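Here is a quick tour of one protein model, written for someone with the sequence and the 3D view open.

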Amino acid sequence: MSATKRLFFGLELPDQCKHEIIQWRAETFPAEAGHPVGADSLHLTLAFLGDISEAKQQALMQLAGRIQQPGFTLTLDDAGHWPRSGVVWLGPRQAPRGLLQLADLLRSQAARSGCFQSPLPFHPHVTLLRNAALSVSLPPRNFHWSLPVERFVLFHSQFERGRTRYQEIADWKLR
């Protein structure tokens, strides 16, 4: 049996944006609110693929390379808490059409390739805290990050030394 990798398509945030978000999070949420996600792990998942073989990875990479879509601007100006999963997130109040189209394309390709896709609607977000307390107080909506999205990435999710790390495998430009 061949080895599999836990993969997903996503958007990487610019380093400057990551550091600003980390600073804002530290100033906004108390330490006991939840387990903070490290700056190097901040991303927005477009399509989770699960544990897949090298052959399926290559096929999905080939399909991703065929996507022709212009870039778009992503605005992170909303925050929320999902108590059931213990996640505090940052996302757009209104997702740009380009983001929704890209996620839909990637999720559809993944499903047709045999990768389970959640029946829940796509909710674009960046996870800020995990294992968040049941009563996290959310900040007023006076924050705003606007970033150009010019590429998407295939990430490998690896759990090592008690921590999940994301390694970029490939990327594709939006045009």
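Leaving aside its neighbours within four places in sequence, which residues is Ala-170 in contact with?

Before the answer, a word on the ground rules. This is a predicted model, where local features need pLDDT of at least 70, side-chain atom pairs count only at pLDDT 80 or more, and totals for chains, interfaces and linings use all residues. Residues are numbered from 1 along each chain as its sequence is written, and side-chain values use heavy atoms, with hydrogens and water left out.

Now the answer: beyond those sequence neighbours, Ala-170 is in contact with Met-61, Phe-152, Val-153 and Leu-154 (contact means heavy atoms within 4.5 Å). You'll find Ala-170 in strand E10, residues 163–173; helices (H or I, at least four residues) and strands (E, at least two) are DSSP runs, numbered from the N terminus. Val-153 sits 17 residues away from Ala-170 along the chain, yet their C-alpha atoms are separated by 5.8 Å. Ala-170 counts as buried because its relative accessibility is 15% (buried means under 20% relative accessible area, exposed over 50%, partly exposed in between, with a 1.4 Å probe and protein chains only).

## The nonpolar core

Phe-152 turns up again in the largest nonpolar core, which has 46 residues. A core here is a set of buried Ala, Val, Leu, Ile, Met, Phe, Trp, Tyr and Cys residues joined through side-chain atoms within 4.5 Å. Phe-9, Leu-11, Leu-46 and Phe-152 touch the most other members. Take Leu-11: setting aside neighbours within four places in sequence, its contacts include Leu-46, Phe-72, Leu-99 and Phe-152, as well as His-43 and Arg-151.

Lys-18 lies in helix H1, residues 15–28, and it is buried because its relative accessible area is 4%. Not counting residues up to four places away in sequence, Lys-18 touches Glu-12, Leu-13, Ala-39, Asp-40 and Leu-42.

Cys-17 is buried too, at 8% relative accessible area, and so is Cys-115, at 4%. As for disulfides (pairs of cysteine sulfur atoms within 2.5 Å), a search of the whole structure finds 0.

## How H2 meets H3

Helix H2 (residues 54–65) and helix H3 (residues 97–112) pack at an angle of about 145°, with axes 10 Å apart. Axes are lines fitted to C-alpha atoms, for helices over the stretch in contact, and angles run from 0 to 180 degrees between N-to-C directions. On the H2 side, Leu-60, Leu-63 and Ala-64 meet Leu-106, Gln-109 and Ala-110 of H3.
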